Amino acid sequence: MTEDAKAGEDPLVSLARQAIEAYVRTHTVLQPDHDPDRQPRRAGVFVSLHLPDGSLRGCIGTTEPYQPSIEEEIVANAISSAGRDPRFYPVEESELDRLDISVDVLETPEEVSGPEDLDPKQYGVVVRTIDGRRGLLLPDLEGVETVDQQLRIACRKGGIDPVADHYSIFRFKVQRHH
């Protein structure tokens, strides 16, 4: 990616990219700037990495904030996406210029009464059992066209049997940054 393309990049995506590059190249954790006159914004955040062909290269996130600010949440999840997603080997320096990065800022999940309250294009979904198992799927993912698909995938991710297990359903919206 050229410097000109980076200059026009969404600020949250740029922060994620800078965090990944610093960590992969020098194993340092980027310390984002803070405006001391502003109350820090906090939110759950997912950072997704894709290769030029569209295939997933890493995706890690939090459904609620764990860091003191959204900037620190992005840095932590960007590093985890690049180096700690158990489905992939860590991102190598030679891959950095080819990564397509998106940052999803989550709104607070709300419990719904059932599948009729879902729309996989508009809402992400969290399924949760009383014993603590849970699965999450972001909204508007390629190949996920129906509520049934969305729920089956989320249940599988959480080790939940969609037929035998009782689970609660939560939906959430995201602000997607490319």
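**View 1. The join between S4 and S7.** In S7, Val 112 has Ile 169 as its bridge partner. The two strands S4 and S7 run antiparallel and are joined by three bridges, where strands (E, at least two residues) and helices (H or I, at least four residues) are DSSP runs numbered from the N terminus, and where two strands pair if DSSP finds at least two bridges between them. The model is predicted, so local features need pLDDT of at least 70 and side-chain atom pairs count only at pLDDT 80 or more, while totals for chains, interfaces and linings use all residues. Residues are numbered from 1 along each chain as its sequence is written, and side-chain values use heavy atoms, with hydrogens and water left out.

**View 2. The open sheet S4-S7-S5-S6.** Four strands form this open sheet in the order S4-S7-S5-S6, with antiparallel pairing. Strand S4 (110–112) and strand S6 (134–137) stand at the edges with a single partner strand each, so one side of each is left without a neighbour in the sheet. From one strand to the next the twist averages 25°, with axes being lines fitted to C-alpha atoms (for helices over the stretch in contact) and angles running from 0 to 180 degrees between N-to-C directions. Five bridges join S5 to S7 in the antiparallel sense, and Arg 128 stands opposite Ser 168 in S7. Four of the five residues of S7 are buried (under 20% relative accessible area; exposed is over 50% and partly exposed in between, with a 1.4 Å probe and protein chains only), so S7 is largely enclosed by the rest of the structure.

**View 3. Helix H4 on the sheet.** Strand S5 (residues 124–128) and S6 pair in the antiparallel sense over four bridges, and Val 125 stands opposite Leu 137 in S6. Helix H4 (residues 147–157) packs on the sheet, touching S5, S6 and strand S7 (168–172), and the direction of H4 makes about 135° with that of S6; contact here means heavy atoms within 4.5 Å. Within H4, the residues Val 147, Gln 150, Leu 151, Ala 154 and Cys 155 are buried. These residues cover an arc of only 125° around the axis, which puts them on the same side of H4, the arc being that of the directions from the helix axis to the C-beta atoms. The buried residues of H4 pack against S5, S6 and S7, whereas Arg 156 and Lys 157, on the other side of H4, are exposed.

**View 4. Two arginines over aromatic rings.** The charged end of Arg 128 sits over the ring of Phe 170, 4.3 Å from its centre, and the charged end of Arg 171 sits over the ring of Tyr 123, 4.2 Å from its centre. A charge sits over a ring if NZ of Lys or CZ of Arg is within 6 Å of the ring centre and within 35 degrees of the ring normal.

View 5. Strand S1 (residues 45–50) and strand S3 (residues 100–106) pair in the antiparallel sense over six bridges, with Ser 102 in S3 as the bridge partner of Ser 48.
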